[in-house]
Amino acid sequence: MATATAHHENSNYLNHEKGLWSWLTTLDHKRIGLLYFITVALFFLVGGIFALLIRTELYSVGETIMTAEQYARVMTYHGAVMVFLVIIPGIPAFLGNFFLPIQIGAKDVAFPRLNLLSWYCLLLGAGIALTSLFFGGADTGWTFYTPYSIKHSPAVICMALGVFVAGFSSILTGLNFVVTTHKLRAPGMTMNRIPLFVWALYSTAIIQVLATPVLGITVLLLAAENIFGIGFFDPALGGDPVLFQHFFWFYSHPAVYIMILPAFGVISELITTFARKTIFGYTAIAYSSLAIAAVSFFVWGHHMFVSGQSEFAGIVFSFLTMLVGVPTAIKLFNWMATLYKGSINLSAPMLYALGFMFLFTIGGVTGIFLATIATDVHFHDTYFVVAHFHYVMVGGTLMSIMGGIFYWFPKMFGRLCNDAWARVSFVFIFVGFNVTFFPQFVLGSLGMPRRYFDYLPEFQHLNRISTIGSYLIGIGFIVGLITIIHGLLKGEKSGPNPWGGKTLEWTTASPPPHENFLTTPVVTAGPYEYR
Amino acid sequence: MSTVKSSSTGHHHAHHYESADHEYQSSKQGVWLFLCTEILMFGGLFVGYAIFHHLFPETFKVGSKFTDVRYGATNTVVLLASSLSMALGIYYNQIRDKNKAVMALLFTLLCGVIFMVIKYLEYSHKIHLGLMPGDWYRGNAEELAQYVGGLEIPKNLPLYFSFYFMMTGLHGIHVLVGMGLITWVTIRTARGEFGPEYYTPVEGVGLFWHLVDLVWIYLFPLLYLVS
Amino acid sequence: MSFKPLVLLSLLLPGVAGASTFMPPAATVTAGEVDSVYAFLLITSLISFIILIGGMIFFVFKYKRKSATDKTAYITHDHTLEFVWSFIPFLIFMFVFAWGWKIYHDMRHSPEGALEVHVMAKKWDWRFLYKNGKEVTSGLDDKGQKAPATMVVPVGKPVKLIMASEKISAGSTDPMDRPVLHSFFIPAARIKQDVVPGRYTTMWFQLDQPGDYWVFCTEFCGSGHSAMKARISAVPVADFEKWLAAEGTGEMTLADKGRALYSSKACAGCHSADGTRVVGPTFKSAWGASRDIEGGGKATVDENYVRESILNPNAKVAAGYPAGVMPTFAGQLSDDDVKALIEFIKTLK
């Protein structure tokens, strides 16, 4: 309860209430953000272990540490856990929940109870999905393509229903963010003064609200297909397996932008603060996020260039996909221009931001290889695609999560992480990442298909390099985790604004008080006024 | 949730809003966004229906012969009436006429019950004939042919019943959820928690109920009147 | 980036393509064209990367923070610059889009008179069926290891594949044994096409170099996915003809088998083979024709149309003919029977 004591000098959201129960029933967006952090970190650990198992199996030709049946399952859970439980909730539900209300000067999100409910939806969904492990595990790949996924298998039913429930988590978070951004901005915080992180989350939220319901009905139909054999996706009753792909990608392509748009937002914050310079092209960056969100609904067919869809459809989807490249290029150029004549501080968060630009540029240009329909026919479903989306989603999203954590850590906990060790974690992750995934572009070009348990002997040396790189990434994340835990326990105390940031979160105490600000801020200028 | 201000009706708006109206406007926007997600979810089924109806018009024509238009029409009327009484429930809450509001909401609830009872009768009739979705279909072609006046029974008739049960089933779940929500706002109305300053939950539930009604308005012709 | 270097680059392309790429050796004309686009993309990507990341690294060193009180320039935007770096990428994207479209169009349209081979995919093997009834399946090599099925094709001639997915065992009634998605990928030809249950998909290629080429399945189809390989052996035309006529040829050609089914399954009762109108449309000159459909629309009589008309006769009834007359033959004709009937109809020119 907001009593007089809550506004005591040392009172903040962490010590405002005490005990496990106060965390499990909290309606404070900051605490919910941290609940998401813990959950997502645990799922990331699980997904990461699956990833290392995959790479270890692929170290040598033939069976290395597991059977083909086990491999199919490990690959499925790696994909499903990382996509649905790590990357999609990662930035919006953790960093977004924590900082969106503070950055617009609000006391909380619009619907705090829904916010808590959405966290429980994620837990429940994850629980249902992982129950499938007791039924032998799903082996369909995270895309659940029919008719392979129609086998009256309880494992697939669990996965589908789990994804359905976890989808509500995403919908409720998105709905909350849209209304919060519309209705709860502080006085003077007009839409062209909101930080770019908020713009990115807002664009993401629109996709979450509009696309996730379609995934919901798709996985519900998949579950019904496994329970009743309803026949929508089954040729035996005149159904169409390709229809499933249309439904699935109608959500899952926009979902790719649910994963990457918030990362763009984080990078805009990092670059301005650590170059101590106003962002170049605020409007262009803000609207390019919206443009990407809008176009994302009309490009799903580029996953299906060789599925037998008509030539006309293929060409239209290729054209629309090219259009996504333009706003993406705009962002990259604007970030680079922001560095010009700045005062650049190479602390760990900035290293992560620069690493993001490096990896995302590679991920972005290889996206054009895949959007070009003639080359995609060759690259489709090969390791080239695997390398491309890891460069975008891991190189993009995970680099910016790590950068964002180290950037906002002093705000969240009032302590600083050891910058030197944070940089060590960056070096391992960045180098390991390139060693892992760059060879996969070559493997894909040479024709090695994805989801392969075994491969031709001539692919072995590149696979070995890739596997070694994956261990380096693992070391990097362990170093990062230790740095974070050390920072939590022993970190140097930080003031309210250790980096010299200009957005509203840096004007309040570290850690912030229960209602974020002691007095509601009044905004009179844009978010990055370094004059 | 911590509450810092209270209005004359006794309602406390949440601490992060400036006023009761601010809270009302925000909640309403949230409900509308949620309704968009509902429409998109049902939209997936409608798209599927359009595709398969185009591919197999005969199957859908024969399938619809097993539905009873009288039941469907009754349910349409019942839901339309319930939408009207729901709107009245909101109106009487707005003018703080507690007794009339409770009566209107109880009538809405009764309509929901009638709808579900009729649905139950329809479902048991189809299950009796073995007209189940997909693999669970146990229909006997000769027996069924007599039922529809000697029309040939298409091989993929189960596909029609997959659509029938998925669409009406998902809709039926929404009716049940709506009935739960109406019960909740009826209790709160009876306790006198709503008035002209604060009636957000009734309005939100009302919007949801209208959507459920609207979906049925589309389902009725698509499943019952398709021939 | 100005436009001149781009023009220069595109002139350099033919030389760069092939040698500097990571692709397997190109075995078809189309593959060479794909490699040109690939080389163009590789070079433009490299230039973009150098501009962006080179610029980034340069700025990071040049404008490194010197003191805690550094002043920075206040630059909010520059419309000219922003236009330039939006519009030039846009032009490049449109250029590769159009280029890719042109090649894709050629990939999708097989030349007249291509050698047609039926391809059947199942968990986890490929099977090839030639028109003369010759069938190629996987076998065992000298060491008792599984030897992938080898499809022999003539060098320098277009080959069109008509692909279908089938159950593990043809007569199986096990509900778990259902056809699934596969994808036929020839890296050396830079083409792939999904094999979709319940319909035929087609692709074509023309191998210009004699040799042996890999075929991979690229759509995940279960634990045997990575073992689902086949070989293509491109040999001179004369050798191919000899091989095709050699032992292992089926008892009769597909078309002859279709003709036999045409009588034994009583298709002949309603569909003539000589152009006369009986109950249903005649088969004569039907192949490839565009046909009006009852209730509006048109359909080309191709593999998928004939297959659908046999298994779901009321889906697309020819205009002017009664609907609901023909019973379905689903369950009465095997997948191979349907292919034989299709081949028979093709011969009725």
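A residue is buried if 20 or more other C-beta atoms lie within 10 Å of its own, exposed if 12 or fewer, and partly exposed in between, with C-beta atoms placed from the backbone. This is a predicted model, in which local features need pLDDT of at least 70 and side-chain atom pairs count only at pLDDT 80 or more, while totals for chains, interfaces and linings use all residues. Residues are numbered from 1 along each chain as its sequence is written, and chains are lettered from A in the order in which they are written.

**Exercise 1.** Classify Arg96(B) as buried, exposed or partly exposed, and then do so for Lys341(A).

*Solution.* Start with the count: Arg96(B) has 14 C-beta neighbours inside 10 Å, so Arg96(B) is partly exposed. Now turn to Lys341(A), which has 16 other C-beta atoms within 10 Å and is partly exposed. Lys341(A) sits in the loop between H9 and H10 of chain A, and its phi is about 60°, again without being a glycine.

**Exercise 2.** Work out how H12(A) and H13(A) are oriented to each other.

*Solution.* First take the axes, which are lines fitted to C-alpha atoms over the stretch in contact, with angles from 0 to 180 degrees between N-to-C directions. The axes of H12(A) and H13(A) come within 8 Å and cross at roughly 170°. Angles under 35 degrees count as roughly parallel, over 145 as roughly antiparallel, 65 to 115 as roughly perpendicular and the rest as oblique. The two helices are therefore roughly antiparallel. Finally, look at who takes part: Tyr383(A) and Phe406(A) are among the residues from H12(A), and Phe433(A) and Ser445(A) are among those from H13(A). A contact needs C-beta atoms, placed from the backbone, within 7 Å.

**Exercise 3.** Check the length of helix H14 (residues 460-490) of chain A.

*Solution.* The expected span is 1.5 Å times one less than the number of residues. For the 31 residues of H14(A) that gives 45 Å, and the end C-alpha atoms are 45 Å apart, which agrees. Buried residues of H14(A) include Leu462(A), Ile473(A) and Gly487(A). Their cover includes helix H2 (29-57), helix H12 (383-413) and H13 of chain A.

Notes: Helix = DSSP H or I, 4+ residues; strand = E, 2+ residues; numbered from the N terminus. Contact = placed C-beta atoms within 7 Å.
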